[in-house]
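Subject: Structure handover

Hello,

Here is the structure you asked about, with my notes below it. Please have it open while you read.

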Amino acid sequence: MTAPHTVTPLHLGGRTALVTGAASGIGRACALRLAAAGAKVRAVDRDATGLEALAGAAPATAGSVEPHVLDLTDLDAAEDLAAGTDILVNNAGLQLVRPIEEFPPEVFHTVLTVMLEAPFRLIRGALPHMYAQGWGRVVNVSSVHGLRASAYKSAYVAAKHGLEGLSKTAALEGAPHGVTSNCVNPGYVRTPLVEAQIADQAEAHGIPPERVVTDVLLKDSALKRLVEPEEVAEAVAYLCSPPASFITGTSLVLDGGWTAH
Ligand SMILES: NC(=O)c1ccc[n+]([C@@H]2O[C@H](COP(=O)([O-])OP(=O)(O)OC[C@H]3O[C@@H](n4cnc5c(N)ncnc54)[C@H](O)[C@@H]3O)[C@@H](O)[C@H]2O)c1
């Protein structure tokens, strides 16, 4: 007789996780999800107020949330902070929507620093401990824009495509040491980052803001709704779970069918 199928809940007790961009949106949801599974979460963001609010919302009975106010352009500090983590969620990001010929070079540089170079330095800081114990999980919050381009998002698309390559390289190097590395690729998520770009997009495309969600953001999505941050956090949690231990070097796409075209 076959044994009845059992579902193992995610237990991260005794694990330390670091989540960047944890003061808002997807990062906040990830920090809360991993803490709910028992992890001790280092919540990293430059937004002290948002981190304080996150710490207040953390579950009292499971893991814990430890706020770390840090601007990730301080790459040395980022690398130091990642030492000793078992789970690393590279999530912090920013967006500017502007044609290339008008795109400020200094913003391009900052986007690449926060969204590509900081993840490299955080992975670099985290790997020695992960390798020493033979277990580690790197989850990079990429985007559909890690796989597809959109006009006016040169820095963001370049950073996310770079993050996909970094993630795959970490997967190849980490495999003999029990470390997996993957991307999670959402379509448009209901977060402040998206809300902030609606006005920008309206101007860039010359349409009223109320048409941006349907005509621009969800134009290529088969499912006509925004994804919730908690849905993305659930995908991140799954990649940290035992049944996902054979998944590495790939991208888990939550795009409502966008890339099915
Ligand atoms: N919202 C979406 O539709 C969407 C879709 C696909 C991918 N993503 C990705 O998800 C991630 C999170 O996005 P979100 O929508 O939750 O955004 P958000 O704006 O709600 O949160 C981003 C967080 O990153 C932090 N951050 C930015 N620059 C920083 C820096 N220099 N140092 C420290 N912290 C910094 C911000 O303070 C903020 O708390 C990003 O990488 C984004 O590209 C978002």
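Tyr-188 counts as buried, because its relative accessibility is 9% and the cut-off for buried is under 20%. Please keep in mind throughout that this is a predicted model. Tyr-188 is in the loop that runs between β6 (179-186) and α6. Its C-alpha atom is 15 Å from that of Asn-91, and the two residues are 97 apart along the chain.

The ligand

- Lys-160 has an N or O atom in its side chain at 2.8 Å from an oxygen atom of the ligand.
- Leu-72 has a backbone N or O atom at 2.9 Å from a nitrogen atom of the ligand.

How much of the ligand does the protein bury? The figure is 94% of the 830 Å² that the ligand exposes when taken alone. The space that the ligand takes is the largest pocket.

In total 27 residues surround the ligand, and the closest are Ser-24, Asp-45, Tyr-156, Val-189 and Thr-191. Sorted by class, the shell holds 14 nonpolar, 9 polar and 4 charged residues.

Two other residues

Which way does the phi of Tyr-152 go, positive or negative? It is positive, at about 75 degrees, although Tyr-152 is not a glycine. Most residues other than glycine have a negative phi. Tyr-152 lies in the loop between β5 (136-141) and α5. With a relative accessibility of 30%, Tyr-152 counts as partly exposed, because that value falls between the 20% and 50% cut-offs.

Arg-121 is placed in helix α4, which covers residues 105-133. Is Arg-121 buried or exposed? Its relative accessibility is 16%, so Arg-121 counts as buried. The side chain of Arg-121 makes a polar contact with the side chain of Asp-76, at 2.5 Å.

That is what I have for now.

Regards

Definitions and conventions: Residues numbered from 1 in each chain as written. Predicted model: local features only at pLDDT ≥ 70, side-chain atom pairs only at ≥ 80, totals over all residues. Heavy atoms only, no water. Near = heavy atom within 4 Å. Polar contact = N/O pair within 3.5 Å; in protein donor to acceptor, adjacent residues only side chain to side chain. Areas by Shrake-Rupley, 256 points an atom, 1.4 Å probe, with all protein chains shown as cover. 1 Å grid on protein atoms, 1.4 Å probe; cavity = no way out; pocket = protein on both sides within 12 Å on 5 of 7 lines; lining within 4 Å. Sits in = over half its atoms within 2 Å of the grid points. Nonpolar A, V, L, I, M, F, W, Y, C, P; charged D, E, K, R; others polar. Helix = DSSP H or I, 4+ residues; strand = E, 2+ residues; numbered from the N terminus. Buried < 20%, exposed > 50% of the residue type's maximum accessible area, 1.4 Å probe, protein only.
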